[in-house]
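Hi there,

Here is the structure I promised to pass on. Have a look at it first, and then read my notes below.

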Amino acid sequence: MAYVLGIDIGSSFSKAVVCKDKTLISYAIMPSGGNYKETAGKTTEMALEKAGLAVSDISYTIATGYGATMVDFADQSITDISCHAVGVFHLFPSVRTLIDIGAQFSKAILLNDAGKVTNFVLNEKCAGGSGKFIQVIARILHMNIEDIGDISLKSEKPVEFTTGCAVFAESEAVSRIAEGALPADILAGVHKAMASKIINLVVRLGLVGDCAITGGGAKDHGLVRAIETELKTDVLIPDEPRITAAFGAALLAAENSRK
Amino acid sequence: MDDTLVSSIIGPTDPEHRRLANKVMEEALNRAGFAFGDLAYVVATGYGRINVPFADKQVTEITCHAKGIYSLLPTAETIVDIGGQDSKCIKLKDGKVISFVMNDKCAAGTGRFLEVIAGALGVPLEKLGELSLSAGKAAVISNTCTVFAEQEVTSQLANGETVANLIAGIHEAIAVRIYSMANKLKISQNVVITGGGAKNIGLVRALEEKFGCPVLVPPEPLLTGAIGAAIVGKETYEKAAIKGETLKRSTMGLQEARFFS
């Protein structure tokens with residue numbers, strides 16, 4: 001059985017996944033930077049190296065994500081909505097509602113019992129429900145993005161933000177810090193504001209079945225808990241939520257390579 | 001008592017509203033050569049109006065803008081106020097507010113949007129208007145969100161777009177947002193632009209284009225709310241005088257208020 005490659009060029013991070021049939025062999029993640037073509041090549045090399053493979057071992061490549069068209073060595077490109085759906089459905093067959101929280105966009109996707117996308121809604125107009133919001137707040141708090149989730153979970157009294165706008169919330173956060181608010185409470189407040197924007201997407205579609213969260217946002221425990229609180233249900237998170245679309249692309253590549 | 005503007009002062013607001021309220025009050029009194037005790041009544045308005053301890057009354061900026069504009073430009077029927085923190089549109093009939101609509105939830109369409117982009121372009125805020133007039137063609141800004149538009153402007157700059165075209169594009173983008181907000185009310189002429197946004201000639205031109213009519217700008221568009229507050233103060237004072245009532249005044253004088261800062 002030949003090896004296949006799924007590659008997802010996101011607005012912030014690029015991910016490459018190598019699969020053999022439908023089994024994950026290796027993956028790589030790196031910042032997308034300003035040159036998507038070069039990044040696509042590098043991310044692929046990294047993933048191949050981890051698997052001890054060469055480019056010639058790959059029989060089929062599918063590209064997805066924001067910069068999918070820049071992956072000139074791909075055999076095909078497929079929308080990230082479809083790839084997310086395939087990736088999540090393979091990992092969690094009970095999931096019917098999928099929330100993807102990326103650096104620029106958040107989306108909610110509904111799946112049917114066969115794992116096919118039946119509806120989806122995007123938030124691309126407003127940074128308030130995207131990973132960008134967390135980046136903005138992490139910057140003013142001088143914190144690493146990876147530490148934010150755990151710190152937020154320690155909050156006992158989340159700050160109530162008056163708007164969901166990332167720009168206004170930034171100045172509001174600065175004022176609250178000046179008044180002595182704890183970083184944990186600021187972060188928990190931001191997570192709450194983000195969760196309510198993200199939940200709006202789910203509400204527009206209607207929550208069905210089990211819910212999974214993917215994308216970089218799913219690595220933020222504070223945000224995940226805020227969403228669980230709003231949804232009043234637990235959610236499923238893949239081991240590495242950022243590679244879900246690339247994994248889905250690889251699964252589709254495995255199917256297509258057999259045709 | 002008449003409607004003449006005796007003195008005025010404008011200063012930037014910082015988080016310490018109370019200290020600033022005192023400072024601008026003192027300076028305005030100095031300019032007029034008055035003491036605080038000479039004032040018959042004090043009305044505060046605006047976002048931080050509750051942080052003016054020496055004010056006798058707090059009145060919303062909607063009412064005050066309407067009063068101020070009616071006295072300056074009596075033919076105005078629509079006021080578009082573009083502030084640093086929000087933007088709003090007020091419909092007037094014979095100087096009375098008949099309806100209003102406001103955006104304070106999203107930075108796009110407010111002065112904040114301009115501040116952020118001016119920062120990204122390294123252009124002082126007050127230079128934006130003039131610079132945009134030299135644009136050959138307004139750049140198309142496809143993002144609504146301030147955060148995303150900032151990124152877009154930076155990448156368009158990197159791709160060789162001119163600063164002037166980008167600023168013109170930004171003015172166009174704000175004008176679109178403001179027009180769609182104002183359009184929820186039935187816009188009727190004359191249209192007046194107030195707030196800091198009115199000081200930006202490029203934005204005013206972009207709004208004229210969207211509204212499809214010339215707009216009026218008061219001599220000092222930052223002052224209209226405060227002028228309106230002064231008029232409300234005068235009216236309150238006169239009404240009480242006619243009825244022979246004694247007005248309830250704030251017990252916090254200007255000096256004592258300092259201790260609150």
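To start: which side chain meets that of A:Asp113 in a salt bridge? The partner is A:Arg96, with N to O at 2.9 Å. (A salt bridge here is a side-chain nitrogen of Lys or Arg within 4 Å of a carboxyl oxygen of Asp or Glu.)

Before going on, some ground rules. This is a predicted model, where local features need pLDDT of at least 70 and side-chain atom pairs count only at pLDDT 80 or more, while totals for chains, interfaces and linings use all residues. Residues are numbered from 1 along each chain as its sequence is written, chains are lettered from A and ligands numbered from 1 in the order in which they are written, and side-chain values use heavy atoms, leaving out hydrogens and water.

**Salt bridges**

Back to that pair. A:Asp113 sits in the loop between strand E7 (106-111) and E8 of chain A, and A:Arg96 sits in strand E6 (residues 95-101) of chain A, so the bridge ties together parts that are 17 residues apart in sequence. (Helices, H or I with at least four residues, and strands, E with at least two, are DSSP runs numbered from the N terminus.) A:Asp113 is exposed at 64% relative accessibility, whereas A:Arg96 is buried at 15%. (Buried means under 20% relative accessible area, exposed over 50%, and partly exposed in between, with a 1.4 Å probe and protein chains only.)

Over all chains, the structure holds 23 salt bridges. Another one joins A:Glu172 and A:Arg176, whose closest N and O atoms are 3.7 Å apart. These two are four residues apart in helix H5 of chain A, so about one helical turn separates them. H5 covers residues 166-178. A:Glu172 is buried, with a relative accessible area of 11%, and A:Arg176 is partly exposed at 24%. Also have a look at A:Phe161: its C-alpha is 7.2 Å from that of A:Glu172, and the two are eleven residues apart in sequence.

In chain B, B:Asp81 and B:Lys88 form a salt bridge with closest N and O atoms 3.0 Å apart. B:Asp81 is buried at 4% relative accessibility, and B:Lys88 is buried at 2%. There's a network too: A:Asp80, A:Asp100 and A:Lys107 are joined by salt bridges that share partners.

**Surface patches**

Which residues form a positive surface patch? They are B:Lys57, B:Lys96, B:Lys239 and B:Lys243. (Patches are made of residues with over 30% relative accessible area and no salt bridge; like charges are joined within 9 Å, and nonpolar side chains within 5 Å.) B:Lys243 belongs to helix H8 (residues 224-243) of chain B and is exposed at 57%.

Chain A has a nonpolar patch made by A:Val117, A:Phe120 and A:Leu122, with about 220 Å² of accessible area together. (Those areas come from the Shrake-Rupley method with a 1.4 Å probe.) A:Leu122 lies in strand E8 (residues 117-123) and is partly exposed at 34%.

**Two helices in chain B**

Helix H6 (residues 163-182) has 20 residues and reaches 28 Å from first C-alpha to last, close to the 28 Å expected. (The expected span is 1.5 Å times one less than the number of residues.) This helix is mostly covered, with 14 of its 20 residues buried.

Helix H1 (residues 17-32) has 16 residues and reaches 23 Å, close to the 22 Å expected. Its buried residues include B:Leu20, B:Met25 and B:Leu29. Just after H1, B:Gly33 takes a positive phi of about 75°.

Happy exploring!

Notes. Lys, Arg positive; Asp, Glu negative; His and termini not counted. Charge placed at Lys NZ, Arg CZ, Asp CG, Glu CD.
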